[in-house]
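Okay, thanks for coming, everyone. Let me put the structure up, and then I'll walk you through a few spots in it.

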Amino acid sequence: MRRRRPARVSRISQVAVAVATFALLASACGETSSDAAKDDNGNGGKGKGTSGKYDGKGIGLAYDIGGQGDQSFNDAAYTGYERARKDFKIGGVDMEPGDGESSADKTQRIEQLARQGYDPVIGVGFIYAPAIQEVAKKYPDTTFGIVDDNTVKAENVADLVFHEEQGSYLAGVAAAKTTKVKHVGFIGGVDIPIIHKFEAGFVQGVKSVDPKIKIEKRYLTEKPEEGGFASPDKGQDAASGQLEAGADVLYHAAGLSGQGVIQEAGSQKKWAIGVDSDQYRQKALAKYKKYILGSAFKDVGGAVYDLTKSVVDGKPMTGTQRYDLRSGRVGFSDSNPAYKDMKDIVAAVEQAKKDIISGKVKVKTRP
């Protein structure tokens, strides 16, 4: 079982400190000390040796802002990491971002993972694009993956991206069919293009049901480093404002901040719609789960698993890997029994899903 770290791994500024940190983390993740200590010179991170069999040390996973335990984006990645390690019987190490860290810190984290021999090395979030662009050139025999970015182009890099707007469209249909006051809300973590996709799909889905429904919109911060994805208090404040304005169904795309959205909606006995993970099943949100209508999920864990399997099999995935409703890696979760009992809403969401897959409905990526 993975040990919960009391604090995130902070900035790594010296190689000696980095190596020691990796040894500690690897031990926490179930590796032996010899696994963690061997080969700091890049050997062993080749993916497959001369025999053609996998000889990497396992998966190297670097989390996005909010870290593991966000009940959303990063936790989705962790599920794939954990399942791949178990299924393929390989090692691994997962690392938290430091508070207020620089781009150089991210680059050093990714490079240390590659140097230690982990393969694949995966950055969870577009913030790792510059780091992976730089480090992938130095380690051409290691496979790198980056989630939510398709700008890194290299023979040993897989860009793992999703049609978030499609799942958000389904969330919009569900919200529009559920609201009793024709008033819903959207809360985005950071005012950036990828979150605009969530907004665009949600708004289009709502309007497809009833163009007259009022939609509250709010972004928590302009930049990621301002805490838009990592501040439940900001999410709670935004949710309180939208509920006070009259909305009775809230959809968030705000990472860890979304916990505050769900808590506030639940405390006021209003509906919330989760994101990325199936948030109805998250233990940290169990107190409010009866008010989680569903979640517009994207299977980040599945993408992490797919990439790892390809490396273990000796046929590493590279280039853009885009997941959508058709692939099953994007969708709307229906874990809440209360949602399943709303037959007309379930039917509307299912019909919207079919229309998107068939091409009848084209979902916008910009508001």
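Before I point at anything, one term: I call a residue buried when its relative accessible area is under 20%, exposed when that is over 50%, and partly exposed in between, using a 1.4 Å probe and protein chains only. Keep in mind that this is a predicted model: local features need pLDDT of at least 70, side-chain atom pairs count only at pLDDT 80 or more, and totals for chains, interfaces and linings use all residues. Residues are numbered from 1 along each chain as its sequence is written, and side-chain values use heavy atoms, with hydrogens and water left out.

So, Glu 96. Buried or exposed? Glu 96 counts as buried because its relative accessibility is 5%. You'll find Glu 96 in the loop between strand 2 (91–95) and helix 4 (103–115). When I say helix or strand, I mean DSSP runs numbered from the N terminus: H or I with at least four residues for helices, E with at least two for strands. What does the side chain of Glu 96 have beside it? One of its polar atoms lies 3.1 Å from the backbone nitrogen of Gln 68.

Let's zoom out for a second. The protein chain has twelve helices and twelve strands. Of its 367 residues, 60% are buried. For contacts, the rule is heavy atoms within 4.5 Å. Taking contacts with a separation of 6 or more, 69% are between residues 24 or more positions apart.

Next up, helix 4. Gln 112 is in that helix, and at 2% relative accessibility Gln 112 counts as buried. Its C-alpha is 9.6 Å from that of Val 135, which is 23 residues away along the chain. Go on into the loop between helix 4 and strand 3 (121–124) and you get to Pro 120. The peptide bond from Asp 119 to Pro 120 is cis, with omega near 10°. As background, most peptide bonds are trans, and most residues other than glycine have a negative phi.

On the phi side, I've got two residues for you. Gln 71 is in the loop between strand 1 (58–62) and helix 3, and its phi is positive, near 65°. Gln 71 has a relative accessible area of 7%, so it is buried. Lys 269 also has a positive phi, about 60°, without being a glycine. Lys 269 counts as exposed because its relative accessibility is 62%.

Since we're there, helix 9 itself is mostly covered, with eight of its ten residues buried. Those include Val 261, Ile 262 and Glu 264. What covers the buried residues of helix 9? The cover includes strand 6 (183–190), helix 8, strand 8 (249–253), strand 9 and strand 10 (292–298).

Two more helices, quickly. For the expected span, take 1.5 Å times one less than the number of residues. Helix 6 (residues 164–178) has 15 residues and reaches 21 Å from first C-alpha to last, close to the 21 Å expected. Helix 6 is largely enclosed by the rest of the structure, because 14 of its 15 residues are buried. Helix 7 (residues 193–209) should span 24 Å with its 17 residues, and its end C-alpha atoms are 25 Å apart, which agrees. Helix 7 is mostly covered too, with twelve of those 17 residues buried, among them Lys 197, Glu 199 and Gln 204.

Now Pro 224, in the loop between strand 7 (214–221) and helix 8 (232–244). Pro 224 counts as buried, because its relative accessibility is 14%. Which residues does Pro 224 contact, leaving aside its neighbours within four places in sequence? Those are Ile 65, Phe 126 and Val 190.

Last stop is a helix pair. The axes of helix 3 (residues 73–88) and helix 10 (residues 300–312) come within 7 Å and cross at roughly 35°; axes here are lines fitted to C-alpha atoms, for helices over the stretch in contact, and angles run from 0 to 180 degrees between N-to-C directions. Among the residues making that contact are Phe 73, Tyr 81 and Phe 88 of helix 3, and Val 300, Tyr 305 and Val 312 of helix 10.

That's my tour, so over to you.

Terms used
A polar contact is a pair of N or O atoms within 3.5 Å; within protein, one must be able to donate a hydrogen and the other to accept it, and residues adjacent in sequence count only if both atoms are side-chain atoms.
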